[in-house]
Amino acid sequence: MAINRSDSMATTEETKTILRDYLEGFLKLLGERVEIQFKSDSSDEIVVNLQGLAAIDGSDPKPLRSLSYLAEISLRRRLNQGVRIQLDANGGLERRKVELRRMAENAASRALQERISVQLDPMETHERKIIHEVLSQIPGVQTHSEGQCEERRVIIEPAADATVPESTP
């Protein structure tokens, strides 16, 4: 039997209003006044930039990830539906994406030129996803992740059919 989810699902605007109220209330407890900017939204994920946030600078993603988790719990309880929330502070997420793209391209170049496997430092799920997406567009390299939990990392290797000439030892 099919369930009509539209009757029980909150609209994106309702979800954003509840999320805005939650974030403003929480950040007010920290003495923060920020501009809440919704960067993208879909039925299953909302990306929010907290412009002007001083207490959490974004250099360490754990506090923002924790706040996202708390907001997700609040939304799930209020709306009876799950929504993934990704919080950014002062545009740091976009700067990190640029850095990750550059890192991925440099590692791919090294893997191809030296015909070696390049192991990146451990990173969070969404960061590994960015690396995999960037490198899926580069011919001749393949990627996979290894490790568990906080030690999970991306491995970049030349593809078996890569046409880069081998260097002589």
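User: Which helix gives the largest share of the lining of the second largest pocket?

Analyst: That is α4, with five residues. A pocket here is an open set of points on a 1 Å grid over the protein atoms alone, where a 1.4 Å probe fits, with protein on both sides within 12 Å along at least five of seven lines. Lining residues have an atom within 4 Å of a point. Helices (H or I, at least four residues) and strands (E, at least two) are DSSP runs, numbered from the N terminus.

User: What kind of model is this, and how are residues numbered?

Analyst: It is a predicted model, where local features need pLDDT of at least 70, side-chain atom pairs count only at pLDDT 80 or more, and totals for chains, interfaces and linings use all residues. Residues are numbered from 1 along each chain as its sequence is written, and side-chain values use heavy atoms, with hydrogens and water left out.

User: Back to the second largest pocket. Which residues lie nearest its centre?

Analyst: E45, Q86, K97, H126 and I130, out of 17 lining residues. The lining divides into three nonpolar, five polar and nine charged. Asp, Glu, Lys and Arg count as charged; Ala, Val, Leu, Ile, Met, Phe, Trp, Tyr, Cys and Pro as nonpolar; the others, Gly among them, as polar.

User: What volume does it have?

Analyst: About 390 Å³. A volume is the space filled by probe spheres set on the grid points, which are joined across faces, edges and corners.

User: And the largest pocket? How many residues line it?

Analyst: There are 33, with P61, R65, E124, H126 and E127 nearest the centre. The space is about 820 Å³. Helix α2 gives the most to this lining, seven residues. By type, the lining has 12 nonpolar, seven polar and 14 charged residues.

User: New topic. Is β2 mostly covered or uncovered?

Analyst: Mostly covered: five of the seven residues in β2 (45–51) are buried. Buried means under 20% relative accessible area, exposed over 50%, partly exposed in between (1.4 Å probe, protein chains only).

User: Which strand does β2 pair with in the parallel sense over six bridges?

Analyst: Strand β3, residues 84–89. Two strands pair if DSSP finds at least two bridges between them. N49 stands opposite D88 in β3.

User: Which loop holds N80?

Analyst: The one between α2 (61–79) and β3. N80 has a positive phi, near 60 degrees, and is not a glycine. At 70% relative accessibility, N80 counts as exposed.

User: And N90, where is that?

Analyst: In the loop between β3 and α3 (92–114). N90 is partly exposed, at 23%.
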